[in-house]
Each structure stands twice: as structure tokens, then as C-alpha cells.
Amino acid sequence: KHQDWRTGVAEVRRSRRLSVSFCCTVANYEYGFFWHFYQDGSIEAEVKLTGILSVGALRPGETRKHGTVIAPGLYAPVHQHFFVARLNMAVDCEPGEALNQVIEVNVKVEEAGPENIHNNGFYAEETLLHSELLAMRDCNYLLARHWIVRNTRILNRTGQLTGYKLVPGPNCLPLAGPNAKFLRRASFLKHNLWVTQYSRDEQFPAGEFPNQNPRVGEGLPTWVKQDRKLEEADIVLWYVFGVTHVPRLEDWPVMPVERTGFKLMPHGFFNCNPAIDVPPSCHKPDVKEGNGIKLPCKL
């Protein structure tokens, strides 16, 4: 949408999306998984959490440090949910090609000086993640951190490499000490992003059998020790995202939907906005007939 302030004329295009989803029940929770595909080439992954809180009993007048009293005699523990998206990227690649690289982008404040006399300059700094051990990364919202997967050979009309960027949504890391037992099985939770070179045997972040983990050669923390190169490679992004849930009274007895997720957005992949040719919406004023009834305008 844009309205020209000089003429007052507005141009509007209505966004539409294709959504693919499924829901599953895991014990007391329901999880809805949604992939939204937009006309501008963006892909949004959204997870919706609902269900019934797991609760414990309280004596009259008792409270719990690690939970919320949500009803008389009941408390719900503070807890976390985590998800992993395994994204085998192939940006602008033909079948069989392995020509991708991963860039981390951090927005930095320019130091005061001749190039920043008003002390308000900032810029996006790019860092190439050369290998797997360098690509164990965490979200940093203060730096607007995101990651771009680029094709190393295909250029757009301004001479830049084509790519898609991973934009984090709300996220967290596990709130536990380094020796927590669950981190032995789920040590992939220690970072928000892992990047590996594709291997058909590496399908699950904790390995084939999480309940028997740690096992020799199993899981992301073991695989990345190979420190395989990530330049002109078949790239797999493992994005770990989660929710820290401090229960509210309003979450009982059935919890309203909590959302989390991330986006994949074209970054120099197209030469302009690919949705620019979407037909305009009707924005003419309604026409009133003599009896005062409004008739919808027709295109």
C-alpha cells in the first residue's frame, strides 16, 4: 500500500497466502504447525500452542516458586517448549548442484568520527560462516541478527548474489545449568542455529534414537565436530526455536493460542517486488443510491 501525500491517491494490493498445516496432540498440549506461502516469495513457519496446562496440587495457602497459582489448590510450573526446523536449502541451484554459502548479518553502530558526525549512523555487517564449527550461532535481537543463504554464482540485476534470509521470530535458549541431564539427550538446544553439510544419515537433531542418546556419532553436536566446509556446499540449516511459558490465570482451564516461528524471505533473489503485478483491490468510494443503500463498486 502507498498513499501519495501530494495527490491523496492510494494504491493497494491485497495479500493472499497458501497455508499448509497439521495439528498433533502430545500429552496435554496441542501443537499446530503452519507453513504460509506468500505472493512476494516469503515463507513463514508458524507454530501455535494450545491445550491444557500440566498442573500440581497445593495445600491451602501454599505457593510454589517455580510455578503460578492458577486456581484454588492448583499451580502450573514455568516451562519451555522447543522445536527444530531442518531446512535443506538449495537457493538458485539446479538438481545435483551444491553452490550455497551462509552469511551472518549483524547491524552495528558506526563509531563517532568524520563518517558519523551526527552519531546516528549504523550499517549491516556481513560475516561468512566458513565451516560447521563457526556456524553454531544464537539469536541477537539487539543486533537485528539474521542469516542469508546465498548462491555463490548467480547474480541479480545489481550484481549481488541471490539469496534467501532466515529471520528469527520470538525465541529463547534452555533455562538450565550446563550439567542438566536433559541436555545430554538434547544438547542441540544449546544454540539457536546450526549449519551442516548435507548427509542423508543426518535427519534428526538428536540422532535416530533420542531416548538412547548420547550415543557415539549421534546428533548435531557430534556431527559438527567434522567441521565440514560450508562454501559452495549443500547446506542444511537447523533452526532451534522455542517458547518460555510463565503460566497465567487466563491459561486455565484451556490455554489460548501461543505463537512462535520464523520467516524465510527472498534477499536479492528477485530483481524487484515479485508481487508488483498483483491486480489492484477496489478502492473507489461506495456509491449511494437515492434510498441511501450503498452499492459495492465493480471492477
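These are my notebook entries on a predicted model of one chain.

**Entry 1: ground rules.** I number residues from 1 along each chain as its sequence is written, and my side-chain values use heavy atoms, with hydrogens and water left out.

**Entry 2: overall form.** I looked up the secondary structure and found two helices and 18 strands. Helices (H or I, at least four residues) and strands (E, at least two) are DSSP runs, numbered from the N terminus. The radius of gyration is 24 Å, well over the 19 Å from the globule rule for 299 residues, so the chain is more spread out than a compact globule. That radius is taken over C-alpha atoms, and the rule is 2.2 Å times the number of residues to the power 0.38. The C-alpha trace spans about 70 × 60 × 50 Å along its principal axes.

I then took the burial total: 36% of the 299 residues are buried. Buried means under 20% relative accessible area, exposed over 50%, and partly exposed in between (1.4 Å probe, protein chains only).

**Entry 3: cores.** I searched for nonpolar cores, meaning sets of buried Ala, Val, Leu, Ile, Met, Phe, Trp, Tyr and Cys residues joined through side-chain atoms within 4.5 Å. The largest has 34 residues, and those with the most contacts inside it include Leu49, Leu237 and Tyr239. Among the elements giving two or more residues to this core are strand E4 (29-38), strand E5 (43-51) and strand E16 (255-267). E15 gives the most, with five residues. A second, separate core of 13 residues includes Trp194, Ala206, Val224 and Trp238.

I listed the contacts (heavy atoms within 4.5 Å) of Leu49. Beyond its neighbours within four places in sequence, Leu49 touches residues including Tyr29, Tyr31, Phe83, Val243 and Met255.

**Entry 4: aromatic rings.** I paired rings of Phe, Tyr and Trp (its six-membered ring) if their centres lie within 6.5 Å; planes under 30 degrees apart count as stacked, over 60 as edge-to-face and the rest as tilted. By this rule I count 13 aromatic pairs. Trp223 and Trp238 have ring centres 6.0 Å apart and planes at 45°, so I log the pair as tilted. Trp223 is in helix H2 (residues 220-223) and Trp238 in strand E15 (residues 235-245), so the pair ties together parts 15 residues apart in sequence. Both Trp223 and Trp238 are buried.

Tyr239 and Phe241 are stacked, at 5.6 Å centre to centre with 15° between the planes. Both Tyr239 and Phe241 are buried, and they belong to one aromatic cluster whose members also include Phe22, Trp35 and Phe262.

**Entry 5: Asn171.** I found Asn171 in the loop between E13 and helix H1 (182-185). Asn171 counts as buried, at 19% relative accessibility.

**Entry 6: backbone.** I noted a cis peptide bond from Trp252 to Pro253, with omega near 5°. Pro253 lies in the loop between E15 and E16. Asn119, which is not a glycine, has a positive phi near 60°; Asn119 counts as exposed at 53% relative accessibility. Ala144 also has a positive phi, about 50°, and is partly exposed at 42%.

How values were computed
Predicted model: local features only at pLDDT ≥ 70, side-chain atom pairs only at ≥ 80, totals over all residues.
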